[in-house]
Number of protein chains: 2
Amino acid sequence: MEQKKLGGQTVRFASPPVILGFGCAVGQKEGQGPLAKHFDHIGQDDTFGENSWEKAETAMQKKALAIALEKAGLETSQLDYLLAGDLLNQCMATAYSVRSQDVPFFGLYGACSTMAESLSLGAMLLDGGYGTHIAAMTSSHFCSAERQYRNPLEYGGQKPPTAQWTATGSGAVILGREGYGPRITHVTTGKVIDKGITDANNMGAAMAPAAYHTLQAHFQDTGRTPGYYDLIVTGDLGSLGKEIVTDLFRRNGIDMTKVYEDCGCLLFDPKTQDVHAGGSGCGCSAVVLTGYLLRGMTHNKWKNILFCGTGALHSPTAVMQKESIPGICHAVAITTQKGGTP
Amino acid sequence: MEQKKLGGQTVRFASPPVILGFGCAVGQKEGQGPLAKHFDHIGQDDTFGENSWEKAETAMQKKALAIALEKAGLETSQLDYLLAGDLLNQCMATAYSVRSQDVPFFGLYGACSTMAESLSLGAMLLDGGYGTHIAAMTSSHFCSAERQYRNPLEYGGQKPPTAQWTATGSGAVILGREGYGPRITHVTTGKVIDKGITDANNMGAAMAPAAYHTLQAHFQDTGRTPGYYDLIVTGDLGSLGKEIVTDLFRRNGIDMTKVYEDCGCLLFDPKTQDVHAGGSGCGCSAVVLTGYLLRGMTHNKWKNILFCGTGALHSPTAVMQKESIPGICHAVAITTQKGGTP
């Protein structure tokens, strides 16, 4: 059998899976940000017609998946697998959105890296020959995350400038073995990296070393340099985490400034939207990918993107027990060029 | 490419992955039960030398993984991927056990089905050609689960007879593309099934319909009957859930009584250990598999086993919001017969 593992942490696909459809649903604040025009569905309010924030998050997932399926011209019954997860305890938003889908389901927990994790595994399952269509999905909701991870909204708690704003949004991607669309050529799977950050209001710093580690592994395994990509984008490091990654590469003699962005910095306008260090949450990278990035790729804005979902694998209980915050980052190489890459 | 998907929910492996090693660590109560002599490591107390129940769970995972690797004759550095998850919020036990492993990591959330989920995905990744060695792992701890899902231990809360006892234990399996050992030939991936049970003290009833659904799919997809297997074992339905599954099959004209067991019924002695309807938790099926079942297979006690991890994808928040409890079940066919199956 052909060796698909390039060595290290990277896989190259023999039959690069195709992104046949993608969809997103976002909240009000995201719909007032700089990427507003790229989103498929912007909620009238953040309840999405439900009577709890958690159920609102489930409703967003259903919406995003329905849009992605419609764009792919597929029915739910044509999906071989659905891979999804979210930030809520027991991945509650996902369990209740998948309940109504009648599709074999693998539940994931990758914190805010879930969009990249679900794409990675989905692409491996398709390229491996285990089906023809797979959905990858995730979500986060500011209000459900705040009360679970921090304080009830009614507290009106203040946050330090390093804190980030959990995005309200869900993104879904439909992958196919065949068809027309951007293709996933490589995935680089992250290791858990923990450099000892204990401040849960500074996730960017906690996750940045994981992003640096995975990016380095990707470059080493593939022989590519940052310049190969039109855009390298991390999931939700925010302004501080992005600066740390840029700095770590600079110390290594590599200039990332020309091609590197972060979804947490793209999603909101730092001048007018008061999100401190930027956006975060599973939904952040998911809606930037399924709204802005994949749409841009299909309009030839970028040919080669490296999408790097970042996640902080901490828990409030762990932080109370004085534990530091482990980070992870999974990188997914997406291209619109035919024939993939050597 | 060869069609590996049998149709429906089942995959048949072209190169059935081999179980090269397996290990488990359990708590005191599990070490006093009927399977005691099969476990690799029984904790002196349930702290495993740590100062919190969550950290104790992490310690158990590390122990189980180390034992499994040792039996497989492998170093951590030879693992291509580690797939794992647990019941704690943000899969905390797993994040902190994997942190020290330096292995590419996919985090899973399948509630108590995680052992079967991690084996399913691990086998697919290996058969798909993405590496040579993969670890699948999970855990649960009675004390960390009680305080998260129910009440602090100090409450001494009473439970109804339908309630189950979360197992304290962790199991790890090392899968390889080549080598000697039992092989995974098929996986049947479950859909989320919810028949409207809202009582979080009756998980057996909530999960039984999912187990029935996945088993039916497995028989239909493979053309096998229950009699093909020497043992069909569900993860943690307990005595009540097991009875429901048996009854659902009986109504369908199928007698399951000769081959069907449940890990939750095997792990504890109902007469002397006061566990109400039986064992539960990710650790329940994980330690029964990695202690009793795989050891039995290597000693020719059984040739063909269908291991069906069952999970309740509810959350305490969902239950408070009057939601019912969605269930899931993933089936993994394991054989010691050479050449696999047609």
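B:Ser52 is partly exposed because 17 other C-beta atoms lie within 10 Å, where a residue is called buried if 20 or more other C-beta atoms lie within 10 Å of its own, exposed if 12 or fewer, and partly exposed in between, with C-beta atoms placed from the backbone. The residue sits in the loop between strand E4 (41-42) and helix H1 (53-72) of chain B, and its C-alpha is 32 Å from that of B:Ala205, 153 residues apart from B:Ser52 in sequence. Helices (H or I, at least four residues) and strands (E, at least two) are DSSP runs, numbered from the N terminus. This is a predicted model, in which local features need pLDDT of at least 70 and side-chain atom pairs count only at pLDDT 80 or more, while totals for chains, interfaces and linings use all residues. Residues are numbered from 1 along each chain as its sequence is written, and chains are lettered from A and ligands numbered from 1 in the order in which they are written.

A:Phe48 counts as buried because it has 23 C-beta neighbours inside 10 Å. A positive phi, of about 65°, is also found at B:Asn300, again not a glycine, which belongs to the loop between helix H8 (282-298) and strand E14 (304-312) of chain B. B:Asn300 is exposed, since 8 other C-beta atoms lie within 10 Å.

Chain A as a whole contains nine helices and 15 strands. Its radius of gyration is 18 Å, close to the 20 Å that the globule rule gives for 342 residues, so chain A is as compact as a globular protein of that length; the radius is taken over C-alpha atoms, and the rule is 2.2 Å times the number of residues to the power 0.38. Along the principal axes, the C-alpha atoms of chain A fill a box of roughly 55 × 50 × 35 Å, and 65% of the 342 residues count as buried. Of the contacts in chain A with a separation of 6 or more, 79% are between residues 24 or more positions apart, two residues being in contact if their C-beta atoms, placed from the backbone, lie within 7 Å.

Chain A is divided into domain 1 (5-176) and domain 2 (183-335), with bounds that come from an automatic or database domain assignment. Taken over C-alpha atoms, the centres of the two domains are separated by 17 Å, and 57 residues of domain 1 are in contact with 59 residues of domain 2. Among the elements that give two or more residues to the domain 1 side are strand E3 (18-26), helix H3 (114-127), strand E7 (133-140) and strand E9 (169-176) of chain A; the largest share, eight residues, comes from H3(A).

In chain B, helix H3 (residues 114-127) includes B:Met115, which counts as buried because it has 35 C-beta neighbours inside 10 Å. Leaving aside neighbours within four places in sequence, the contacts of B:Met115 include B:Thr138, B:Gly171, B:Cys282 and B:Leu289.

Helix H6 (residues 238-251) of chain A has 14 residues and reaches 20 Å from its first C-alpha to its last, close to the 20 Å expected at 1.5 Å a residue, the expected span being 1.5 Å times one less than the number of residues. The buried residues of H6(A) are A:Gly238, A:Leu240, A:Gly241, A:Lys242, A:Ile244 and A:Val245, and they pack against elements of chain A including helix H5 (203-222) and strand E11 (231-234). H6(A) is followed by A:Gly253, whose phi is positive, near 80°.
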